[in-house]
Structure formats: C-alpha cells, structure tokens
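Hi,

Here is the structure I said I would pass on. Have a look through it first, and then read my notes below.

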Amino acid sequence: MLKTKKAFTVVELIIAIVIVVMVMGIVLIMMTRGASNVQKGSFNALAANQAFWIISTIRDDFSHSDLEHINFEGSNDTWDGTSKFEVYIEGGKASYQLENNGNTKTFVRKYTRSNEHVAYEPKETPIQKFGDEYLTSMSVTKKVENNIISFKVNINMKNPNKTSSGKQDLIWSATIYPNLPNKKDNYWVSTIDNPSN
C-alpha cells in the first residue's frame with residue numbers, strides 16, 4: 001500500500017489567505033477608528049482641563065475677595081481681555097488678561113503682592129498662564145438678576161482637527177458668584193477692610 005502525503009489544496013490555501021486578509025482588514029479599520037477616538041478624546045480632556053483651571057483660578061480669587069474689591073471694566077459689562085479686570089485679595093491684587101499666541105490665546109493671571117501683613121497667604125506664583133494650546137476666545141459677563149450680581153464665564157477651545165466630520169470645538173460656561181461685601185466665607189479671615197491691622 002502506498003501512503004499518500006496529506007497537503008493543502010490550492011483551494012484551501014486561497015480560502016485561508018482570504019480569511020487572513022479579511023481579519024487583518026477588520027483589525028486595521030478598528031485600530032484606525034480607535035486612534036481617531038483617542039485623538040478626539042485627548043482634545044476633549046486637555047481642553048476641558050485647561051478651561052477648568054481658568055475658571056478655578058478666577059473662582060479661587062473671588063472666594064478670597066468680595067464684590068467691593070472686584071474691579072471689572074468691560075464694554076456692555078463684558079470683559080474679553082481688552083479691558084481691566086482686577087481682583088483685590090488679601091495680600092495683593094490679581095489681574096487678568098488675554099495674550100495673543102498665534103492662532104490661539106493665553107489666559108494670564110498676574111499677582112502683585114502688597115506689603116500688608118495677611119492672615120491668608122495667597123498663591124506665591126506671580127504669573128500663571130493657561131489655555132495656550134486651544135483657547136481662542138474668552139469672555140466674562142457681569143450680570144445682575146434679582147439684585148444678585150454674578151459673573152458668567154464663557155470659554156471657547158478650538159479643536160485643531162475640526163475639519164473632520166463630527167469634531168467640534170469645546171465651549172465651557174460657568175457662573176461665579178462673588179462674596180457680598182463684609183459677608184466673606186467663615187474659613188477666610190480678611191485684613192482687606194482693615195489694612196492697618
């Protein structure tokens with residue numbers, strides 16, 4: 001009896017090659033979509049983080065001041081970086097501005113220390129910069145509703161990959177309520193009103 005060697009036929013090899021090519025194509029498509037989603041998610045995470053830090057910085061300064069110590073000069077009660085916006089906090093003054101950075105802008109907080117002795121020591125950083133990667137516009141609007149003053153912050157972060165369908169800019173809005181005069185939070189002891197102390 002002759003023993004025959006078992007081998008793949010040409011048809012079996014072609015079918016195996018077709019299956020491998022189809023699996024590799026599906027994997028390639030999934031990897032491409034995954035990379036696109038990671039890139040989109042990366043923009044959303046970074047832009048949201050930058051917007052969060054801008055708003056947190058302003059909110060922190062407001063929490064250590066009160067309405068009487070916020071110097072807000074904007075046309076039609078809206079600040080867009082072209083006018084003065086200063087917050088006098090214990091131990092100094094924080095001023096905000098927007099700097100042009102090519103196609104984007106940078107939110108800049110400058111802190112100037114005063115010579116007074118304070119109970120609460122503010123952030124030591126004299127200059128802080130946020131949003132220089134995606135920030136395209138920012139506005140702060142002073143509002144009065146039912147005799148309550150608030151400041152609405154609008155931040156627009158431009159998506160660099162917006163040309164692709166389905167990709168949009170990130171717009172972040174928040175409303176900040178400053179402390180009323182002489183009604184500061186209990187955890188903060190102010191020497192602003194009595195600088196001689």
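**Aromatic pairs**

By the ring rule, the count comes to ten aromatic pairs; rings of Phe, Tyr and Trp (its six-membered ring) pair if their centres lie within 6.5 Å, with planes under 30 degrees apart counted as stacked, over 60 as edge-to-face and the rest as tilted. Take Phe85 and Phe151: their ring centres are 6.4 Å apart and the planes sit at 25°, so this pair is stacked. The pair links distant parts of the chain, with Phe85 in strand 3 (residues 85–89) and Phe151 in strand 8 (residues 148–157), 66 residues apart. Strands here are DSSP runs (E, at least two residues), as are helices (H or I, at least four), and both are numbered from the N terminus.

The cut-offs are under 20% relative accessible area for buried, over 50% for exposed, and partly exposed in between (1.4 Å probe, protein chains only). One aromatic cluster takes in Phe62, Phe72, Trp79, Phe85, Tyr96, Phe107, Phe130 and Phe151.

**Where this comes from**

Please keep in mind that this is a predicted model: local features need pLDDT of at least 70, side-chain atom pairs count only at pLDDT 80 or more, and totals for chains, interfaces and linings use all residues. Residues are numbered from 1 along each chain as its sequence is written, and side-chain values use heavy atoms, with hydrogens and water left out.

**The chain as a whole**

The chain has one helix and nine strands, and from the N terminus on the elements run α-β-β-β-β-β-β-β-β-β. Of its 197 residues, 34% count as buried. The accessible surface comes to about 12900 Å², of which 56% belongs to carbon and sulfur atoms; the areas come from the Shrake-Rupley method with a 1.4 Å probe, and for residues only the protein chains shown count as cover. Among contacts between residues at least 6 apart in sequence, 52% join residues at least 24 apart, where contact means heavy atoms within 4.5 Å.

Five strands make an open sheet in the order 1-3-4-5-6, with antiparallel pairing; two strands pair if DSSP finds at least two bridges between them. Strand 1 and strand 6 are at the edges with a single partner strand each, so one side of each has no neighbour in the sheet. On average, neighbouring strands of this sheet are turned by 20° against each other, direction ignored (axes are lines fitted to C-alpha atoms, for helices over the stretch in contact, and angles run from 0 to 180 degrees between N-to-C directions).

Within this sheet, strand 4 (residues 92–101) and strand 5 (residues 104–113) pair in the antiparallel sense over ten bridges, and Gln97 has Val108 in strand 5 as its bridge partner. Their hairpin has two residues between the strands, and Gly102 there takes a positive phi near 75°. Strand 5 is also joined by four bridges to strand 6 (residues 127–130), again antiparallel, with Phe130 in strand 6 as the bridge partner of Phe107.

The other open sheet has four strands in the order 2-7-8-9, and the pairing is antiparallel. Strand 2 (78–79) and strand 9 (170–176) are the edges, each with a single partner strand, so one side of each lacks a neighbour in the sheet. Strand 2 and strand 7 (residues 135–145) pair over two bridges, and Trp79 stands opposite Val140 in strand 7.

**A buried glutamate**

Glu86 is in strand 3 and is buried, with a relative accessible area of 10%. What does its side chain make a polar contact with? The partner is the side chain of Lys93, at 3.3 Å. A polar contact is a pair of N or O atoms within 3.5 Å; within protein, one must be able to donate a hydrogen and the other to accept it, and residues adjacent in sequence count only if both atoms are side-chain atoms. Leaving aside neighbours within four places in sequence, Glu86 is in contact with His69, Ile70, Asn71, Lys93, Ala94 and Ser95.

Most residues other than glycine have a negative phi. Asp77 has a positive phi near 60°; this residue lies in the loop between strand 1 (70–72) and strand 2 and is partly exposed, at 42% relative accessible area. Asn147 also has a positive phi near 60°. Asn147 is found in the loop between strand 7 and strand 8 and counts as exposed at 77% relative accessibility.

Cheers
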